[in-house]
Amino acid sequence: MDLVAGFFRDLNATTGWNFSIFHDPFDMRRFGSAFLVTVQLAVLSVVFSLVIGIAGAFAQSLRFAPLRWLVNGYIAFFRNTPPLVQMYFFFFALGSITPSVRDDIGMETPLVSNFTWALVALSFFAGAFNVEIFRSGIEAIPRSTIEAAESLGYSKARAYVHIVLPLAFRVCLPSLNNNLVNLIKTTTLAYAIGVPEMLYVANQIWSDTLNVVEMMNVLLILYIGLVSLLVFMMRRWEEAMRMPGYGS
């Protein structure tokens with residue numbers, strides 16, 4: 001670690017390129033913490049958006065019309081409004097009517113943190129698209145497959161979990177991959193409500209040390225790395241679940 005810090009310190013002295021997050025302990029700590037916040041926000045929002053997508057697609061397959069209308073309204077709301085506006089809506093509109101609590105020093109603090117509001121907004125935003133993606137996968141499953149499961153004694157819910165959903169996953173993985181990649185990139189919007197993720201902290205660092213170009217390059221490389229990791233995992237999952245005779 002000292003060797004790396006020494007290299008970037010010498011680089012700054014000889015060329016003026018100031019990658020302070022590699023040689024300044026304070027910048028290193030706060031950017032490392034921001035990286036973990038970004039990863040945590042990305043992983044949790046991906047998981048919750050998948051849960052919302054699966055539950056929403058199941059609700060759309062039911063014959064109970066009011067539930068289908070509710071899901072359709074949710075999809076229309078989140079697909080037809082910008083994600084930044086949604087985040088502001090959750091944080092400022094709903095956040096203003098949620099209760100607050102006193103912290104250890106007697107200050108009033110919101111019961112729901114800005115990180116939680118960002119997580120809720122991102123999960124609902126990506127979940128709306130996941131509902132449609134899973135619905136398309138479910139509709140690609142032949143009706144005769146579902147009828148065969150029901151003739152073997154499966155209830156609708158059990159047939160959905162054990163038969164329909166695994167097959168639908170295989171069909172819709174390419175579209176799901178694209179939506180989750182967009183979700184990872186959209187986590188930068190949490191900057192707007194003060195969540196200390198990478199873009200937010202990078203802004204603080206380049207304001208303090210005037211190294212905008214260096215920090216922007218670091219951000220680009222890290223986001224390329226995060227998205228590439230997700231794409232690699234999804235590709236491996238897609239290959240593992242590939243159906244013989246379906247696709248290339």
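Which helices are among those that cover the buried residues of H3? H2, H4 and H5 are among them. Keep in mind that this is a predicted model, so to speak: local features need pLDDT of at least 70, side-chain atom pairs count only at pLDDT 80 or more, and totals for chains, interfaces and linings use all residues.
- H3 has 15 residues, and its first and last C-alpha atoms are 21 Å apart, close to the 21 Å expected at 1.5 Å a residue (the expected span is 1.5 Å times one less than the number of residues).
- Helices here are DSSP runs (H or I, at least four residues), as strands are (E, at least two), numbered from the N terminus.
- Ala65, Val71, Tyr74, Ile75 and Phe78 are the buried residues of H3 (buried is under 20% relative accessible area, exposed over 50%, partly exposed in between, with a 1.4 Å probe and protein chains only).

**Aromatic rings**
- The model has 20 aromatic pairs (Phe, Tyr and six-membered Trp rings with centres within 6.5 Å; planes under 30 degrees apart are stacked, over 60 edge-to-face, the rest tilted).
- Tyr88 and Phe92 make a tilted pair, because their ring centres are 5.5 Å apart and their planes sit at 45°.
- These two are four residues apart in helix H4 (residues 83-94), so about one helical turn separates them.
- Tyr88 is partly exposed at 34% relative accessible area, and Phe92 is partly exposed too, at 48%.
- Phe89 and Phe90 have centres 5.6 Å apart and planes at 70°, so they count as edge-to-face.
- Phe89 is partly exposed at 37%, whereas Phe90 is buried at 7%.
- Ring pairs also tie Tyr74, Phe77, Phe78, Phe89, Phe90, Trp117 and Phe124 into a cluster.
- Over the ring of Tyr154 sits the charged end of Arg158, 4.7 Å from the ring centre (the rule wants NZ of Lys or CZ of Arg within 6 Å of the centre and within 35 degrees of the ring normal).

**Nonpolar core**
- The largest nonpolar core has 62 residues, of which Phe31, Leu176 and Leu180 touch the most other members (a core is a set of buried Ala, Val, Leu, Ile, Met, Phe, Trp, Tyr and Cys joined through side-chain atoms within 4.5 Å).
- Among the elements giving this core two or more residues are helix H2 (25-60), helix H5 (114-139) and helix H7 (156-186).
- Beyond neighbours within four places in sequence, Leu176 is in contact with Leu50, Asn130, Ile133, Phe134, Phe169 and Met234 (contact means heavy atoms within 4.5 Å).

**Annotation**
- An unreviewed UniProt entry puts "domain: ABC transmembrane type-1" at residues 35-231; such annotations may be inferred rather than shown by experiment.
- Residues 35-231 are 77% helix and 3% strand, with their end C-alpha atoms 19 Å apart.

Technical notes
Residues are numbered from 1 along each chain as its sequence is written. Side-chain values use heavy atoms; hydrogens and water are left out.
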